[in-house]
Amino acid sequence: MDHATGAMGSLLPKLGELLKEEYKLQRSIKDDVKHLKRELESMHAALRKVGDVPREQLDELVKLWANEVRELSYRIEDIIDKFLVHVEGPEPEDKPHMLKQVMKKMGGLFTKFMKRRSIGDEIKSIKVSVQEAADRRDRYRVHEVVTNLVVTTTVDPHLLALYKDQKELVGIDDSLNELTKMMSDGGGDASKQLKILSIFGFGGLGKTTLAKQCMISLKRGLIIVLLFRYLIVIDDIWDKNTWEHVKTTLVCNNCGSRIITTTRILEVSTMASEVYKLQSLSLDLSKDLFHRRLSCAAIEWPNHLPAEVYTSIGFGHEENEYVDNTRKILLFSYYDLPCHLKTCLLYLSIYPEDHVIEKDSLIWKWVAEGFIHEEPGAGLFEIGERYFNELVNKSMIMPIEESYYPDMEMDVGIITWCRVHDMMLDMICLLSKEENFVTILDCNEQYTNSHCNARRLAVQDIARSLNAMCNAKMLPSLSCFEVLHILGLEGPYDSHNRNLLEHVGKLVHLRHLKLASMGNCELPKEIGHLKFLLVNIISKLPASICRLSQLKCLNICETDIEVPCWIGDLTSLEELCLRKVEDQSNFVTELGKLTELRKLHIGKSLSIDGDRGRNSWAESLAKLVKIQVINICSVHEHRFFCHGEKAWERCILHPQLRVLRMSYQEPGLVARINPRLLPDLSNLELLVYSPDLEVFGSFRELISLELDMCSALHHDTMGGAGAFPKLRVFKTDATLGSFQEGDMPALESLEFNAVAECNDVNISFGFDFASLGNLPLTSESLYMPLPWTTRRLRKP
């Protein structure tokens, strides 16, 4: 669904649903529905064209028409959804009394009859409104105005950067020195080869300015010997195909030619021979720049500036050249997005400034909102993950990798969170407000009944979609939100409102329910009525959840809830996150029924009881044909007797597995871990018995590797030439041999143990520390608690 088209993307299929026989609408009403569907399809096409044009360039009448049609689409969808709520209704309680059942059925039939008459009247009224909108579309000539739009000529803000004096620039020296060195590196024939360097980063960071200064620096270094050398800067490349065509025209004359490109698109930058990722300014440099802008020159830190100066920086509405230019630069990125990504990006306005956003939760909300539609061969979450990655690659959101070792700042290459840059969030919120996409209440605003009509309501700090990040006492009754699709409550743990979820069982259209740190909020048993529920991240688990046949995500890893015996009934589950599994549980058997499972996470431990449990565990994993992530902190196995063949010798780990973290004392498992069986494996944590690393070095996609050793074995080999091509993080509690040139070329973080041997003269180690110089991306730091030495290397 595209925000520019309102609810059209989901509304048109629902109009088609109404035509089905099961809803028993009169023929005249069906004819009206067919007419509505045809007219709205035409409006949908017009709205998509309007959405591709920057809002400030649209004719005012076209803006008014587009806003009106969007609101009309919301109204129509709400009417249809309310009808479906009453016609389909909640499922009856199990085995009610016969007389009560008959009376309830008769009452239900009468209610449905009245609702069919009511929606007939509503559709006739809607038909009149749609026809009026269609007449205005033709009168305003919307198609013609949008197609023949003449774009107003303005000065590209990037051009202004080319005329900046270097004295005005802040924080450029280190980047300039590094860039100049990268462009000048290489002696002999290497220095004569064509080198292309791409400066990659978020819009507005100063890529153009840096490229210009680098060009000046390199030009000063030219000498007569390189008379035929050329130096070209190609600024702001947006498209891979365009860049491919440009590259074919560049002559490689082996005269030391250099090309600098700038781009905010990651996949474009990687087409260069080298990439320089431009980072945001440090806090001190940012403050320096801020005061330069205030006083037009560098000044000492003033103590007299009021605090509001620091807290009110944003786009605002006042006239300001810097603000206007920054907004234009960011809007270039926004309008370059395809429709579906614009919608997903605007949804981020529900989050407060500086909020760390959980990736999986965000994607499931996109799914529940209807922003993502199934494609052949791919699930909804996988498509949403692709959208997320596209926004990262286009520098619209900032990814945050999972920090597995907080004290060492070791990233393991898995993006689990994201943030939105403050400037980007400011732009998103302005656009979202203009389009009436999200209504945001902060701690200074009072909730009123009028907010019940908000399409998406975000209650911060302190609808269709209610996302509350506040104290539970601030929240309205859920009875206000009859067609709610998303309910996300993420207040403080000491937030108490026992009646908060009293009406949640009546929210028949609820797709996403998240309760995080909301104290004593308990789900009523009526939760089992929510047959459309896709996601459920909760703190209490009533047995009625077993009726949720469409449930795709169940996350109870923050609670001590025992895994229910009926977990295998949730056959649509794609994501299952638990805290622990006790040995008396039937979980290892039930797991095999969850054949749609994509992610399995157990935060503490999984206990397996005896040979029978061991066999069931291996057999169940083999049935998870779609599994991509297995993340289990610890597997405890209670062994009594081992009979017959080993369970793991007949176990299959499926080739799409990307993440495997499982501390499990089962030697047979290691035999299943090889590149031929698991070609996409990127993150591996394993208990191993052999000191040979060669098999692990053959995984071409491996990013992080942690090997728990049964003893302090000595690794004799790093895997040979060409091994570990993408490995960024390596941890082992064993002793390493030495690193040769070319070993682990992408390694950023390393932790291992080395035996320290002392005598009267000196201390010696079983590791060649000088060989660390063969790791190009690490910097050295040393911690030595004798008799063991732990070597820790970090990304500089």
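In this predicted model, helix α15 (residues 339–346) packs against helix α17 at an angle of about 85 degrees, and their axes are 10 Å apart. An angle from 65 to 115 degrees counts as roughly perpendicular, so α15 and α17 are roughly perpendicular to each other.

**Helices α15 and α17**

- On the α15 side, the residues that meet α17 are His340, Leu341, Cys344 and Leu345.
- On the α17 side, Tyr387, Glu390 and Leu391 meet α15.
- Sorted by class, the contact of α15 with α17 has 5 nonpolar residues, 1 polar residue and 1 charged residue.

**Aromatic pairs**

- The count of aromatic pairs comes to 4.
- Trp364 and Phe381 form an aromatic pair, with 5.2 Å from centre to centre and 45 degrees between the planes.
- The pair of Trp364 and Phe381 is classed as tilted.
- Trp364 belongs to helix α16 (residues 359–369) and Phe381 to helix α17 (residues 380–393), so this pair ties together parts that are 17 residues apart in sequence.

**Helices α1 and α2**

- Helix α1 (residues 8–18) packs with helix α2 (residues 27–51) at an angle of about 160 degrees, and the axes are 10 Å apart.
- Angles over 145 degrees count as roughly antiparallel, so α1 is roughly antiparallel to α2.
- The crossing in which α1 passes α2 is left-handed.
- From α1, the contact is made by Met8, Gly9, Leu11, Leu12, Leu15 and Gly16.
- From α2, the contact is made by Val33, Lys37, Leu40, Glu41, Met43, His44 and Leu47.
- By class, the contact of α1 with α2 has 8 nonpolar, 3 polar and 2 charged residues.

**The sheet**

- Strands of a sheet pair through backbone hydrogen bonds, either parallel or antiparallel.
- An open sheet of 4 strands is present, with parallel pairing and the order β2-β3-β1-β4.
- Strands β2 (231–234) and β4 (274–277) stand at the edges, and each has a single partner strand, so one side of each is left without a neighbour in the sheet.
- From one strand to the next, the twist averages 20 degrees.
- Strand β1 (residues 195–200) pairs with strand β3 (residues 258–263) in the parallel sense over 6 bridges.
- Lys195 has Arg258 in β3 as its bridge partner.

Definitions and conventions:
Residues are numbered from 1 along each chain as its sequence is written. This is a predicted model: local features need pLDDT of at least 70, side-chain atom pairs count only at pLDDT 80 or more; totals for chains, interfaces and linings use all residues. Side-chain values use heavy atoms; hydrogens and water are left out. Axes are lines fitted to C-alpha atoms, for helices over the stretch in contact, and angles run from 0 to 180 degrees between N-to-C directions. Helices (H or I, at least four residues) and strands (E, at least two) are DSSP runs, numbered from the N terminus. Angles under 35 degrees count as roughly parallel, over 145 as roughly antiparallel, 65 to 115 as roughly perpendicular and the rest as oblique. A crossing is left-handed if the near helix is turned anticlockwise from the far one by less than a right angle, and right-handed if clockwise. Contact means heavy atoms within 4.5 Å. Ala, Val, Leu, Ile, Met, Phe, Trp, Tyr, Cys and Pro count as nonpolar, Asp, Glu, Lys and Arg as charged, and the others, Gly among them, as polar. Two strands pair if DSSP finds at least two bridges between them. Rings of Phe, Tyr and Trp (its six-membered ring) pair if their centres lie within 6.5 Å; planes under 30 degrees apart count as stacked, over 60 as edge-to-face and the rest as tilted.
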